[in-house]
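This report examines selected local features of one protein model. Please keep the sequence and the structure in view while reading.

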Amino acid sequence: MSFCSFTDGEVFRDHFTPGIYVCSKCGHQLFSSRSKYEHSSPWPAFTETIHEDSVSKYVERPGALKVLCGKCGNGLGHEFVNDGPAKGLSRF
């Protein structure tokens, strides 16, 4: 099993300027700043993708989906089901 480590500041964690977050590899639109919210994790957190095809996902373990760019397959992290800011919302 592998784990993520966090040793330095994530530049987009506390970044709340209106706009669109895109894949760092191909520029595909992923998330809107409107779905971004403050969370205790060291990474930015979103409740939904900007388009239905923004990402692809597969089950990595119960309650956690591996998330990839919907265009190029670049690894984006996880979707944690029902771990969003309100009941029934996921956290990307």
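## Salt bridges and their surroundings

At 31% relative accessibility, Asp83 counts as partly exposed; buried means under 20% relative accessible area, exposed over 50%, and partly exposed in between, with a 1.4 Å probe and protein chains only. The model is predicted, so that local features need pLDDT of at least 70 and side-chain atom pairs count only at pLDDT 80 or more, while totals for chains, interfaces and linings use all residues. Residues are numbered from 1 along each chain as its sequence is written, and side-chain values use heavy atoms, with hydrogens and water left out.

Asp83 forms a salt bridge with Arg91, the closest N and O atoms being 2.6 Å apart. A salt bridge is defined here as a side-chain nitrogen of Lys or Arg within 4 Å of a carboxyl oxygen of Asp or Glu. Arg91 is buried because its relative accessible area is 12%. The structure holds 3 salt bridges, and they are listed below.

| Salt bridge | Closest N and O atoms |
|---|---|
| Arg91 and Asp83 | 2.6 Å |
| Glu79 and Lys57 | 2.8 Å |
| Arg61 and Glu60 | 3.3 Å |

Glu79 forms its salt bridge with Lys57. This pair links distant parts of the chain: Glu79 belongs to strand S7 (residues 75–80) and Lys57 to strand S5 (residues 55–61), 22 residues apart. Strands (E, at least two residues) are DSSP runs, numbered from the N terminus. Glu79 has a relative accessibility of 7% and therefore counts as buried, whereas Lys57, at 43%, counts as partly exposed.

In the salt bridge between Arg61 and Glu60, Arg61 counts as partly exposed at 39% relative accessibility. Glu60 is partly exposed with a relative accessible area of 39%.

## Strands S1 and S2

Strand S1 (residues 20–22) pairs with S2 in the antiparallel sense over 3 bridges; two strands pair if DSSP finds at least two bridges between them. Within this pairing, Ser32 in S2 stands opposite Ile20. The two strands form a hairpin with 6 residues between them, and Gly27 in the turn has a positive phi of about 85 degrees.

Ser35 is located in the loop between strand S2 (29–32) and strand S3 (36–37). With 7% relative accessibility, Ser35 counts as buried. Its side chain reaches the backbone oxygen of Glu48 at 3.1 Å. This distance falls under the heading of a polar contact, a pair of N or O atoms within 3.5 Å; within protein, one must be able to donate a hydrogen and the other to accept it, and residues adjacent in sequence count only if both atoms are side-chain atoms. Leaving aside neighbours within four places in sequence, Ser35 is in contact (heavy atoms within 4.5 Å) with Ala45, Phe46, Thr47 and Glu48.

Ala45 lies in strand S4 (residues 45–46) and is buried, because its relative accessible area is 1%. Apart from neighbours within four places in sequence, the contacts of Ala45 are Ser35, Lys36, Tyr37, His39, Arg91 and Phe92. The C-alpha atoms of Ala45 and Arg91 are separated by 6.1 Å, although the two residues are 46 residues apart along the chain.

## Aromatic residues

The structure holds 3 aromatic pairs. Rings of Phe, Tyr and Trp (its six-membered ring) pair if their centres lie within 6.5 Å; planes under 30 degrees apart count as stacked, over 60 as edge-to-face and the rest as tilted. One of the pairs joins Tyr21 and Phe46 in an edge-to-face arrangement, at 5.0 Å centre to centre and with 70 degrees between the planes. Tyr21 in strand S1 and Phe46 in strand S4 lie 25 residues apart, and the pair thus links distant parts of the chain. Both Tyr21 and Phe46 are buried. One aromatic cluster is formed by Tyr21, Phe31, Phe46 and Phe92.

## Cysteines

How many disulfides does a search of the whole structure find? The search finds 0 disulfides, where a disulfide is a pair of cysteine sulfur atoms within 2.5 Å. The cysteine sulfur closest to that of Cys69 is in Cys26, and the distance of 3.7 Å is too far for a bond. Cys72 is likewise in no disulfide, with the sulfur of Cys26 as the nearest cysteine sulfur, 3.7 Å away. Cys69 is buried, with a relative accessible area of 2%, whereas Cys72 is partly exposed, with a relative accessible area of 31%.

Conventions. Helices (H or I, at least four residues) and strands (E, at least two) are DSSP runs, numbered from the N terminus.
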